[in-house]
Each structure stands twice: as C-alpha cells, then as structure tokens.
Amino acid sequence: MLGKLIKHECIATGRKYVIFYLVLAMVTLCNTIIQFISIDSVMIQGMKGIVMGLYILTIVGVLFCSVGFAVIRFYKNMVSEEGYLTFTLPAKVEELVAAKMVVAFLWQLVTVILCILSVSVMVFQGRENEFLKQGAELLNKVLQEYGGVVFAFLLFLAVSMLYQIVVYYLSIAIGQLFSGNKIIGAVAGYCLLSFIIQIVVIAIMLVTGMVFNFKEIDAYVKSEQGLLVFLYLYSAFMVCLTAGGFVVTCRLLKKKLNLS
C-alpha cells in the first residue's frame with residue numbers, strides 16, 4: 001500500500017513541481033541569452049540587471065515553493081476537510097505520513113539539484129566543456145582524498161532535509177489540536193519545537209564541554225577524522241529526532257485527530 005500511496009502522491013504533486021521547473025528553465029534561458037548581448041548601453045545593462053534580479057528571485061522562489069507546497073499539501077490532505085477523504089483510504093496513518101514525507105523529500109532533492117545545475121549554467125556559460133573537464137578532475141581528486149568526508153556531508157544534508165520535513169509535519173499535527181486556528185497553532189508548535197531542540201543541543205554541548213576541553217574538541221573537529229565523527233554523530237542525532245517526530249506525528253493524527 002505504501003508503494004501505491006507514493007506513486008499517487010508523485011503523480012498528484014508532479015504537476016505543480018513541473019510548473020516550478022519550467023519557470024526556472026525559462027528564466028535561466030532568458031538570462032543566459034541576454035548575458036550574451038555585448039552592446040554597451042545603459043538600457044541593455046539595465047535589462048541585464050533586471051533579468052539577473054528576476055533570476056535570483058526565481059531560484060529563491062522555486063526553493064521556497066518546493067518546501068511550501070509540500071507543507072500546504074500535508075495540511076490540506078491531513079488536517080483540513082480533505083482529511084475526511086484521506087482517512088477513509090485503506091491505509092495506516094504511518095503509511096499516509098511516510099508517503100508524503102518520502103515524496104516531499106524526493107521533490108526537494110530534485111529541486112536542489114536543478115537549482116545547482118541552473119546556477120552552473122549561468123556561471124559557466126560559454127565554457128561548459130572547460131567546466132565539465134575541470135569539474136570532473138576536481139571531483140575525482142576530492143573523492144580520492146576526501147571521499148569519506150564528502151559522503152558524510154551528503155548524508156548530513158539528506159538527513160537534514162528529511163528532518164526539516166518531519167518538523168513541519170509535526171508542527172501541523174500539533175497545530176490541528178487547536179480548533180480555533182490550526183495555522184497559528186502550527187506556527188506556535190514549530191516555534192516550540194525549535195526552542196526545545198535548541199535547548200537539547202545546548203545541553204549536549206555543555207555536557208560535552210564539561211567532559212572534554214572545548215579547545216581540544218575544536219581542534220579535533222577541524223581534523224578530517226574529527227569532522228567525520230562530528231558529521232556522523234550529528235546525522236545520527238537528527239535521525240533520532242526525525243524518527244521521534246514521525247512517531248509523534250502519527251500518534252497525534254491517529255489518537256488526537258481534529259478535522260473540525
């Protein structure tokens with residue numbers, strides 16, 4: 001059932017994300033074309049500045065909309081009036097939440113990759129072959145010398161993205177407990193969760209500082225081995241938070257669901 005839910009969610013959300021990506025492609029193409037114009041005039045330079053500003057806003061907007069759409073969809077499907085239909089499906093709450101979480105994560109991953117490619121096109125336009133050659137050589141060198149760190153860092157970024165999605169979903173699950181205004185409740189829930197997590201992180205840092213010397217920790221983290229240990233430990237910490245957030249979200253939607 002989870003596979004069917006993921007497939008349906010991909011199809012249902014794909015229409016929106018394709019629009020985001022088409023807008024990004026069009027603005028990138030327009031910006032690339034206008035940057036090739038070599039006419040030295042105030043009007044042309046002004047147009048280049050306007051298009052570049054529009055391009056930057058588009059990048060930010062696509063990244064923001066990628067997250068925002070996933071959050072809004074979860075809210076509408078799970079805790080608004082659409083929830084009456086959603087919860088009639090022959091699926092567990094865990095499967096419903098997991099499907100939305102996985103699809104949101106995949107779309108955010110695709111969005112980040114496309115934005116990076118778009119920026120690469122803008123920065124290296126006219127020098128793509130040189131960029132690809134030098135980039136391949138640099139990537140090969142980095143992977144040979146720091147392959148472990150690169151993998152740990154990518155894992156850290158992936159876990160961070162998944163963790164953030166769960167935080168948004170948990171905030172909505174908390175917010176739906178307030179019949180008066182679920183959106184305000186969700187915002188309050190997000191602020192509360194952020195505050196609690198910050199307190200936990202500070203407490204861990206203080207305890208660590210009491211056991212070990214801060215200067216020694218700083219020096220150790222700056223080494224390759226120390227950086228690896230830090231990335232893996234912090235990733236494991238966020239995995240625990242993500243798992244806990246997922247469990248609490250499902251429990252709230254299962255035991256305390258409020259669709260009024």
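The side chains of Lys254 and Glu94 come together in a salt bridge, with 2.7 Å from N to O; the term stands for a side-chain nitrogen of Lys or Arg within 4 Å of a carboxyl oxygen of Asp or Glu. Lys254 belongs to helix α8 (residues 224–255) and Glu94 to helix α4, so this pair ties together parts that are 160 residues apart in sequence. Lys254 counts as partly exposed because its relative accessibility is 44%, and Glu94 is partly exposed too, with a relative accessible area of 28%. Here buried means under 20% relative accessible area, exposed means over 50%, and partly exposed lies in between (1.4 Å probe, protein chains only).

A word on the ground rules before we go on. This is a predicted model, in which local features need pLDDT of at least 70 and side-chain atom pairs count only at pLDDT 80 or more, while totals for chains, interfaces and linings use all residues. Residues are numbered from 1 along each chain as its sequence is written, and side-chain values use heavy atoms, with hydrogens and water left out.

Now take in the fold. The protein has 8 helices and 0 strands, where helices (H or I, at least four residues) and strands (E, at least two) are DSSP runs numbered from the N terminus. Of its 260 residues, 35% count as buried.

The whole structure holds 3 salt bridges. Glu9 forms one of them with Arg73, the closest N and O atoms being 2.6 Å apart. Glu9 sits in helix α1 and Arg73 in helix α2, so the pair joins parts that are 64 residues apart in sequence. Glu9 also meets Lys100 in a salt bridge (3.1 Å, N to O). That pair links distant parts of the chain, with Glu9 in helix α1 and Lys100 in helix α4, 91 residues apart. How is Glu9 placed, buried or exposed? Glu9 counts as buried because its relative accessibility is 7%. Arg73 is buried as well, at 18% relative accessible area, and Lys100 is likewise buried.

Rolling a probe the size of a water molecule over the atoms shows where empty space is left. On a 1 Å grid over the protein atoms alone, a cavity is a set of points where a 1.4 Å probe fits but cannot get out, and lining residues have an atom within 4 Å of a point. Grid points are joined across faces, edges and corners, and a volume is the space filled by probe spheres set on the points. The count comes to 1 cavity of 30 Å³ or more, and the largest cavity has a volume of about 70 Å³. Its lining includes Glu9, Arg73 and Lys100, along with Phe69, Phe74, Trp107 and Tyr169. Helices α1 (2–35), α2 (42–79) and α4 (93–123) each supply at least two residues of this lining. The lining residues divide into 8 nonpolar, 1 polar and 3 charged (Ala, Val, Leu, Ile, Met, Phe, Trp, Tyr, Cys and Pro count as nonpolar, Asp, Glu, Lys and Arg as charged, and the others, Gly among them, as polar).

Finally, turn to the surface. Leu192, Phe195, Ile196, Ile199, Val200 and Ile204 form a nonpolar patch there, with about 520 Å² of accessible area together. Leu192 is found in helix α6 (residues 182–211), and Leu192 counts as partly exposed because its relative accessibility is 46%. Patches are made of residues with over 30% relative accessible area and no salt bridge, like charges being joined within 9 Å and nonpolar side chains (Val, Leu, Ile, Met, Phe, Trp, Tyr) within 5 Å. Accessible areas come from the Shrake-Rupley method with a 1.4 Å probe, and for residues only the protein chains shown count as cover.

Conventions: On a 1 Å grid over the protein atoms alone, a cavity is a set of points where a 1.4 Å probe fits but cannot get out, and a pocket is an open set with protein on both sides within 12 Å along at least five of seven lines; lining residues have an atom within 4 Å of a point.
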